[in-house]
Amino acid sequence: MLIVSPRRSVAEARQTRSDILASGVRLASAEGLEGLTIGRLATELGMSKSGVLGHFGSKEELQLAVVDAAADIFTREVADKARGVAPGLPKLLAMCRAWVSYLERRVFPGGCFFTAAASEFDDRPGRVRNAIAGLTTVWNRDLYRQTRTAMAAGDLPPETDADQLVFEISGVILALNNATQLHRDTTAPTHARRALTRLIGYPITAITLLLSLRAA
């Protein structure tokens, strides 16, 4: 008689959940979170509906888990790229550079996962909308914090409106996502970098130079 180790069973269950979420993120990015159903994922993965449902319990829990998985990817591909960079202007530049690169490299097949999800759920009260709003608020708050730090250090003009700058940076990224996804415009990342350079006052590729000058 074959005896299955409990530890192996737990590991297999975790792997299955991970596989479901990977497919869920990919499908939701391209087709929308609302179109992400237990049945759709079951078909995609060659599983039974009950097999998928057993890992999440409901469509809403599945959507929330997919949002969390997408947030982990965004953290790895964008936020972590600026980790370890000096606070203030260098970190703000690094965040912007990584944000543009993330869209340029098409990390998600449907473009920015959170741009699409925010458009889909912006007028739908509930836990999914709250999760999306909360994650984007945290990111914008960090952009704001780095802007204020740059102002305090004298790297940005003291009269800079931090809220306005963050708003305009986000607008550039939204335009980049639209141009890349809707129009397949391969020049859009270059336009975005130029726009961010005008907004911030430094080329977003100049982080290393800025740091070397400070160290001199």
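## How exposed is a residue?

Let's start with a term: a residue is buried if its relative accessible area is under 20%, exposed if that area is over 50%, and partly exposed in between, using a 1.4 Å probe and protein chains only. Take Arg184: its relative accessibility is 52%, so Arg184 counts as exposed. Arg106 and Arg145 are partly exposed, Arg106 with a relative accessible area of 34% and Arg145 with 44%.

One thing to know before going on: this is a predicted model, in which local features need pLDDT of at least 70, side-chain atom pairs count only at pLDDT 80 or more, and totals for chains, interfaces and linings use all residues. Residues are numbered from 1 along each chain as its sequence is written, and side-chain values use heavy atoms, with hydrogens and water left out.

## The overall picture

What is the protein built from? It has ten helices and zero strands, where helices (H or I, at least four residues) and strands (E, at least two) are DSSP runs numbered from the N terminus. Read along the sequence, that gives the pattern α-α-α-α-α-α-α-α-α-α.

The protein has 216 residues, and 42% of them are buried. Now look at contacts, meaning heavy atoms within 4.5 Å. Of the contacts with a separation of 6 or more, 68% are between residues 24 or more positions apart.

## Helix H7

Helix H7 covers residues 127-152. How far apart should its ends be? The expected span of a helix is 1.5 Å times one less than its number of residues, so the 26 residues of H7 should span 38 Å, and the 37 Å between its end C-alpha atoms agrees with that.

The buried residues of H7 are Val128, Ile132, Trp139, Asp142, Leu143, Gln146, Thr147, Ala150 and Met151. They pack against H4, H5, H6 and H8. After H7 comes Gly154, with a positive phi near 85 degrees.

## Helix H2 and its buried face

H2 is the run of residues 38-45, and Ile38, Leu41 and Ala42 are buried in it. Seen down the axis of H2, these buried residues fall within an arc of 100 degrees (the arc of the directions from the helix axis to the C-beta atoms), so they line one face of the helix. An α-helix has 3.6 residues a turn, so residues three or four places apart point the same way. Gly46 follows H2, and its phi is positive, near 70 degrees.

## Two arginines in loops

Where do Arg106 and Arg184 sit? Arg106 is in the loop between H5 and H6, while Arg184 is in the loop between H8 and helix H9 (188-200). Arg106 has a positive phi near 50 degrees despite being a residue other than glycine. Arg184, also not a glycine, has a positive phi of about 50 degrees.

Leaving aside neighbours within four places in sequence, Arg184 is in contact with Arg106 and Ala179.

## The largest pocket

Rolling a probe the size of a water molecule over the atoms shows where empty space is left. The search here uses a 1 Å grid over the protein atoms alone: a cavity is a set of points where a 1.4 Å probe fits but cannot get out, a pocket is an open set with protein on both sides within 12 Å along at least five of seven lines, and lining residues have an atom within 4 Å of a point. Grid points are joined across faces, edges and corners, and a volume is the space filled by probe spheres set on the points.

The largest pocket holds about 650 Å³ of space. Its lining has 23 residues, with Trp99, Leu135, Thr136, Trp139 and Asn140 nearest its centre. H4, H5, H6, H7 and H8 each supply at least two lining residues, and the largest share, six residues, comes from H7. Sorted by class, the lining has 14 nonpolar, six polar and three charged residues; here Ala, Val, Leu, Ile, Met, Phe, Trp, Tyr, Cys and Pro count as nonpolar, Asp, Glu, Lys and Arg as charged, and the others, Gly among them, as polar.

## The cavity

How many cavities of 30 Å³ or more are there? The count comes to one. The largest cavity has a volume of about 30 Å³, and its lining consists of Ala28, Ser29, Gly32, Leu33, Phe113, Ala116, Ala117 and Glu120. H6 gives the most to this lining, with four residues.
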